[in-house]
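Here is a short briefing on one chain and on the side of it that meets a partner chain. Please look over the sequence and the structure before reading on.

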Amino acid sequence: MNAIEANNLCKSFGPVTAVDDVSIAIPEGGIFGFLGPNGAGKTTTIRMLTGVLIPDAGSAQILGTDVHKDPLTAKLKMGVIPESGTVYSDLTARQNILLTAKFYGMDRTSREERAGEILARLGLTERRNDLVRTFSKGMRQRISIACAIVHSPPVLILDEPTTGLDVYSRRLVIDTVRHMNREGSTILLTTHNIEEANALCSTISIINKGKIVATGSPEKLKKTFDTSRYVEVSFDKPVGHELFVVPGITRAEPWGDKWRVYTDDPDRAVKHLASVAERDQLTIVSIATSNPTLEEAFVQITGGD
Amino acid sequence: MDWRIFTRSIVVITEKNMRIYYFKGPVVVFGLLFPLIMFLTFFIGRNLDLVLFFPGFLGMMLFFTASSVGPLITPWEKREKTYERLVSLPVILESIIIGDLLAGAIFGVAITTIVFATSAVLLHLPLMNAGLLALSFVLGSITFAALGTLLASPATDNPSNIMMLSSLIRLPLVFVSGIFIPLSQLGGWEWFLTSLSPLTYLVDLFHASLNGDAVYPPWVDILVLMAVILVFIWCAKVIQKRNLVKGI
């Protein structure tokens, strides 16, 4: 059984199609990343998966329970951190966690124990009795995460969990996501941060203009877009574009004081650069090859939107 | 549907609302001061018959206390961005509507009971039927808390918009009810207008339970109020579901 499954989800707002026939199947145990530019449909998809938004068409299941036919049971199986969702600022950190735990039917002892444990993990024990309205954005987000994981959900859905956070809070959030995954939770997260997706996720789907345009492991996605491998070279004298017009080099562009030469065969490109340097009496100041990055793949897939 | 989870979600939402929105110093003080100010405005220096007009005064108290905070909860939570989190918890739309309604009703009953008990002692008010009075408190509070929940339903995250709408609807309901002029003295179109306000039926119930001077039989008042509750809840659900579809 898949932990999260969406079948042909569609959502339009007036004339704008936000999500167009999106299907995903996330097996239990992994960390799944949902990557896409602004307005691609990530948050709309997450809202439909979490029962916050009713889809125009399609269905969503959490561990086999339909989110829209049996929302109470489906929501019990997940913890959610909405994109803009925050916690009650007129309650203390501890009260927010305890209140959320009540929604999941946890008894008093479990609520208290779990709240203490999570507050310690998120570095908020000393501030547990302070009103959330006195907290920084990073601390609020940590409380938001505390509320989402209080019932140790088998499925954890996080919409942009690290956006706008300071380094310390971001690290705590990422550590907590990894910890929850080790404890058995399946994670679905959306992010703009390609580096973060690369480091955290076992599988990534890239969504653009409401459609999923690529799915795979970060390594597979990079290899799929292998033409983005490049060589960075700098010479002792200025050179022109014509130097790089040879078979095997797909394009070349100035990159600071260097040239970035895109190729599907870096070894051949290096040999070519060495021979033209000798021919034109140029000295190579620096040369380095680079493997494709997820960012390159992302830019190619989304067309740089 | 799992009724156990559903009931729990209603109880927790009610508790959340009571704690965050109702059990606040200013709200409670306002809830207690408002009746006092209204009483002074109505009765001081006017030689009104207390027994005749007190049911109207009590009805108005309950009307305003039960429907005052409820309209602000949903738009406030949308503005504070806590609404989306709430909807993603194990709740359904009906849990939110009934939880909001119950919080308003509990507040209405609590404040009105205090006002009535104080007034009964100080003004030596008659009491014909205590059971019917208690039922009136509960029924009236639920009716007007349901109105508050309905007023909270339009798609906005701006509480001041709802405040305006709330005044626009609640004040006419007071004016067309039988508070200011006894129903028995009305006729024709005035009677028709008065019968449009649910407050009329609550005040009539208060008349029946306090001084036995009601126009309608109590069962008519009770049935009308129950029907109004169902209509308000149904309308709130339709509007809020439409908001969920539209994503607002």
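Two residues are said to be in contact if their C-beta atoms, placed from the backbone, lie within 7 Å. This is a predicted model, in which local features need pLDDT of at least 70 and side-chain atom pairs count only at pLDDT 80 or more, while totals for chains, interfaces and linings use all residues. Residues are numbered from 1 along each chain as its sequence is written, and chains are lettered from A and ligands numbered from 1 in the order in which they are written.

**Fold of chain B**
- Chain B holds 11 helices and zero strands, where helices (H or I, at least four residues) and strands (E, at least two) are DSSP runs numbered from the N terminus.
- Among contacts in chain B between residues at least 6 apart in sequence, those joining residues at least 24 apart make up 80%.

**Dimensions and burial**
- The C-alpha trace of chain B spans about 55 × 40 × 35 Å along its principal axes.
- Of the 248 residues of chain B, 46% are buried, meaning that 20 or more other C-beta atoms lie within 10 Å of a residue's own, with C-beta atoms placed from the backbone.

**Contact with chain A**
- Chain B brings 23 residues to the contact, and chain A brings 28 residues.
- On the side of chain B that touches chain A, α1 (3–22), α5 (83–88) and α11 (218–246) of chain B each supply at least two residues.
- The most comes from α1(B), which gives seven residues to that side of chain B.

How values were computed: A residue is buried if 20 or more other C-beta atoms lie within 10 Å of its own, exposed if 12 or fewer, and partly exposed in between; C-beta atoms are placed from the backbone.
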